[in-house]
Amino acid sequence: MKIALFGATGRTGGLLMERALSAGHEVMVLVRDPSKLTRPQEGLQVITGDARGASAVADTVQGTDVVISALGSGGDTVTLFGRNVMAAMERLGVRRIVSLVGASVVMPGDLPSMSLRMLRLITRVFGGTMLKDGEAHARELAASHLEYTLVRPPRLTDGVASGRIQHGLTLKLGPTSSISRADLAAFLLEVAVEGRYIRAAPMVAGLH
């Protein structure tokens with residue numbers, strides 16, 4: 001499979017890139033500074049540019065089977081990227097996208113809970129622009145005709161992939177929930193490759 005990956009120089013995106021390449025996938029990445037990538041690798045194609053730039057995003061999506069975004073939200077970065085990538089995908093005939101947003105982003109069908117309200121409050125206080133950016137991206141992607149999956153993890157931690165995770169559309173998460181970046185990267189790739197949770201927004205967390 002040929003994957004267009006955005007956010008490859010981030011801590012989650014880097015792990016995802018390595019996992020995808022190790023599995024034999026071709027990976028197209030868009031990065032502002034190619035020197036931040038570890039090394040040239042077989043199957044990896046690098047485009048220099050910014051995810052906020054429509055032309056660079058389209059060049060990355062061209063000829064791929066699926067788009068995965070591990071971009072961090074904040075300001076309007078993910079919202080603008082989303083608009084660029086959705087336009088490119090529609091034009092180029094790429095239907096599948098898996099995009100990372102926070103667990104504080106509420107979607108239709110979520111079960112109301114005190115722990116989720118607390119999580120949203122904490123995120124709003126300490127990362128208000130992150131929450132607004134993620135919410136706007138989620139709304140616009142859900143309104144599209146694409147085969148999207150919005151993956152919603154809680155607090156991210158470091159460490160090796162354990163494979164001990166829980167995921168679902170009605171998962172109850174709170175301020176103490178977490179998942180390792182390695183487990184999250186594995187889940188993002190699995191969802192993208194296997195076509196799971198199409199037009200849905202699963203939450204995912206580690207089992208402790």
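Mentor: Contact means heavy atoms within 4.5 Å. The model is predicted, and local features need pLDDT of at least 70, side-chain atom pairs count only at pLDDT 80 or more, and totals for chains, interfaces and linings use all residues. Residues are numbered from 1 along each chain as its sequence is written, while side-chain values use heavy atoms, with hydrogens and water left out.

Trainee: Is T149 buried or exposed?

Mentor: A residue is buried under 20% relative accessible area, exposed over 50%, and partly exposed in between, with a 1.4 Å probe and protein chains only. T149 has a relative accessibility of 0%, and therefore counts as buried.

Trainee: Which are the edge strands of the open sheet?

Mentor: Two strands pair if DSSP finds at least two bridges between them, and the open sheet has 6 strands in the order β3-β2-β1-β4-β5-β6 with parallel pairing. The strands that pair on one side only are β3 (44-48) and β6.

Trainee: About what angle does the direction of α6 make with that of β5?

Mentor: Axes are lines fitted to C-alpha atoms, for helices over the stretch in contact, and angles run from 0 to 180 degrees between N-to-C directions. Strand β5 (residues 96-100) is joined to the parallel strand β4 (residues 66-69) by 4 bridges, and within β5 the bridge partner of V67 is I97. Helix α6 packs on the sheet, touching β1 (2-6), β4, β5 and β6, and its direction makes with that of β5 an angle of about 160 degrees.

Trainee: How far apart are the end C-alpha atoms of helix α6?

Mentor: The expected span of a helix is 1.5 Å times one less than its number of residues. The 14 residues of α6 (residues 181-194) should therefore span 20 Å, which agrees with the distance between its end C-alpha atoms, 20 Å.

Trainee: Why is α6 described as largely enclosed by the rest of the structure?

Mentor: Among the buried residues of α6 are R181, D183, F187 and V191. The helix is largely enclosed because, of its 14 residues, the number buried is 11.

Trainee: Which handedness does the β-α-β crossover from β1 to β2 have?

Mentor: A crossover is right-handed if, with the strands pointing away from the viewer, the path from the first strand over the helix to the second runs clockwise. The parallel strands β1 and β2 are joined by 5 bridges, and K2 stands opposite E26 in β2. The chain passes from β1 through helix α1 (residues 11-22) to β2, and this crossover is right-handed.

Methods: Helices (H or I, at least four residues) and strands (E, at least two) are DSSP runs, numbered from the N terminus.
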